[in-house]
Amino acid sequence: MSQLKRTPIYRLYEQYGAKTIDFGGWDLPVQFSSIKHEHEITRTKAGLFDVSHMGEIEVKGPKSFEFLQKMTTNDLRNLAPNKAHYTFMCYENGGVVDDFLIYMLKEHHYLLVVNAANTDKDYAWLMEHHTYEKEDLLIEDVSNQYALLALQGPLAEKILQSVTETNITDIKFFQFKTNVRFQTLDTEALVSRTGYTGEDGFEIYIDQEHGPELWSLLLGAGETDGIEPVGLGARDTLRFEANLPLYGQELSQDISPIEAGLKFAVKVNKDSDFIGKKVLKEQVENGTKRKLVAIEMIDKGIPRTGYDVYVDDKLIGFVTSGTQSPTLKKNIGLALIETAHAEVGTELVVQVRKRKLKAVVIKTPFLNRK
């Protein structure tokens, strides 16, 4: 059995009571105290997440814009230095290779922040389509250079501002600053106003050797404001309440961004052809046979990932994610079902183990914090 990979922050987990699990080959904390408590802390105060397992891939050179326009669904013409956007890489059938953020560091220089489990696959996919001279396009996996911390919650800005002289309050959503310096740390960081919780917050990219120092600095600075470390368990319930997709559940090689309701990041009318454009354009113009919907349980039970969904004993789809919402105190889920049954108010049946339980299609998102 191969040894699990560890982030630069791993050596600090024990002092905060972390319970770790194997997450895609990484030894990561599922919780430090309890999932519900950490969820509540992030919604009401501030949570600090170690997400250093995420992958970072640099794409730079004179042909980088042209290349990424071909490889991704969003339109890079809408980017400028110090701005980021959400996008997909797709297969020809419209299924998703991965979903990720692209940061435009400067002209001809981009940073792709990809899902940890997909880093090797994404890099291989990019290299497979690299047809340029080396001096025109360089693609490099730089994941092991970074520690990545996410500071999320209504008090995130206050806490982060207290440890830097850089004005971070003027960083707008999906914008970032580079060369940010923190108290006592002899290095610079990239700070972006992004996250995966539905709350205001920041993601901080720093040299991996300084990751533990930044972790301790932020927890110390936010102690009086109630900051706590947060694990993967609450990260999942937080993103789920905000209706943010998880690759492998709401998106996959068999589920397109259009089926998942993420058309905003698929620019089928941009000038550049991109992989999967033909199928995705057809789906945008003519609709899809399946659609991702939000459901709320009527009967008592939790709709877990993979559970079958029925209408009148007819199988119409399956649950992609589901839980008991810590904030809403309801059993809710996301389900990919036949479009004919996707209207809000439609009653469905979810197969929960040996029981068939009633549910209803509701509006999304479950929780809107903006």
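Valine 191 has isoleucine 204 as its bridge partner in strand S12. In this predicted model, strand S11 (residues 188-192) and strand S12 (residues 201-207) run antiparallel and are joined by 4 bridges. Both strands belong to an open sheet of 6 strands, in the order S10-S11-S12-S9-S3-S13, with mixed pairing. Its edge strands, strand S10 (176-181) and strand S13 (228-230), each pair on one side only. From one strand to the next, the twist averages 30°. Helix H2 (residues 35-44) lies across strand S3 (47-50), S9 and S13, and runs at about 115° to S13.

Strand S4 (residues 55-60) is mostly covered, with 5 of its 6 residues buried. S4 pairs with S7 in the antiparallel sense over 6 bridges, and glutamate 56 has valine 113 as its bridge partner in S7. S4 also pairs with strand S8 (residues 138-141), again in the antiparallel sense, over 4 bridges. Here the bridge partner of isoleucine 57 is aspartate 141 in S8. In a regular strand, side chains alternate between the two faces of the sheet.

In soluble globular proteins, nonpolar side chains tend to be buried together. The largest nonpolar core in this model has 40 residues, and Phe88, Tyr103 and Leu251 have the most contacts inside it. At least two residues of this core come from each of strand S5 (83-90), strand S6 (96-106), strand S7 (109-114), strand S9 (146-152), helix H7 (232-241), strand S14 (290-297) and strand S17 (331-338). S5 gives the most to this core, with 4 residues. Apart from it lies another core, of 33 residues, among them Ile168, Leu185, Phe202 and Leu217.

Leucine 251 touches, beyond its neighbours up to four places away in sequence, Tyr86, Phe88, Val96, Asp99, Pro245, Leu246, Ser256, Pro257, Ala260 and Leu262.

**Aromatic pairs**

A pair of aromatic rings is described by the distance of the centres and the angle of the planes. The count of aromatic pairs comes to 13. Two of them are set out below.

| Ring pair | Centre distance | Plane angle | Class |
|---|---|---|---|
| Tyrosine 10 and tyrosine 13 | 5.3 Å | 65° | edge-to-face |
| Tyrosine 86 and phenylalanine 264 | 5.9 Å | 20° | stacked |

Tyrosine 10 and tyrosine 13 are 3 residues apart in helix H1 (residues 10-13), so about one helical turn separates them. Tyrosine 10 is partly exposed, with a relative accessible area of 22%, whereas tyrosine 13 is buried, with a relative accessible area of 2%. Both tyrosines are in one aromatic cluster formed by Tyr10, Tyr13, Tyr16, Phe32 and Trp215.

The other pair ties together parts that are 178 residues apart in sequence, because tyrosine 86 lies in strand S5 and phenylalanine 264 in the loop between H7 and helix H8 (277-286). Tyrosine 86 is buried, with a relative accessible area of 13%. Phenylalanine 264 counts as exposed, at 54% relative accessibility.

One further ring has a charged group over it: the charged end of lysine 356 sits over the ring of tyrosine 310, 4.3 Å from its centre.

**Two individual residues**

Threonine 320 is placed in strand S16 (residues 314-324). With 1% relative accessibility, threonine 320 counts as buried, because the cut-off is under 20%. Leaving out residues up to four places away in sequence, threonine 320 touches Gln249, Glu250, Leu292, Thr305, Leu334, Ala335 and Leu336.

Phenylalanine 23 is found in strand S1 (residues 19-23). Its relative accessible area is 35%, so phenylalanine 23 is partly exposed. With residues up to four places away in sequence not counted, phenylalanine 23 touches Leu28, His53 and Leu232. Phenylalanine 23 and alanine 221 are 198 residues apart along the chain, and their C-alpha atoms are separated by 29 Å.

Methods. Residues are numbered from 1 along each chain as its sequence is written. This is a predicted model: local features need pLDDT of at least 70, side-chain atom pairs count only at pLDDT 80 or more; totals for chains, interfaces and linings use all residues. Side-chain values use heavy atoms; hydrogens and water are left out. Buried means under 20% relative accessible area, exposed over 50%, partly exposed in between (1.4 Å probe, protein chains only). Contact means heavy atoms within 4.5 Å. A nonpolar core is a set of buried Ala, Val, Leu, Ile, Met, Phe, Trp, Tyr and Cys residues joined through side-chain atoms within 4.5 Å. Two strands pair if DSSP finds at least two bridges between them. Axes are lines fitted to C-alpha atoms, for helices over the stretch in contact, and angles run from 0 to 180 degrees between N-to-C directions. Rings of Phe, Tyr and Trp (its six-membered ring) pair if their centres lie within 6.5 Å; planes under 30 degrees apart count as stacked, over 60 as edge-to-face and the rest as tilted. A charge sits over a ring if NZ of Lys or CZ of Arg is within 6 Å of the ring centre and within 35 degrees of the ring normal.
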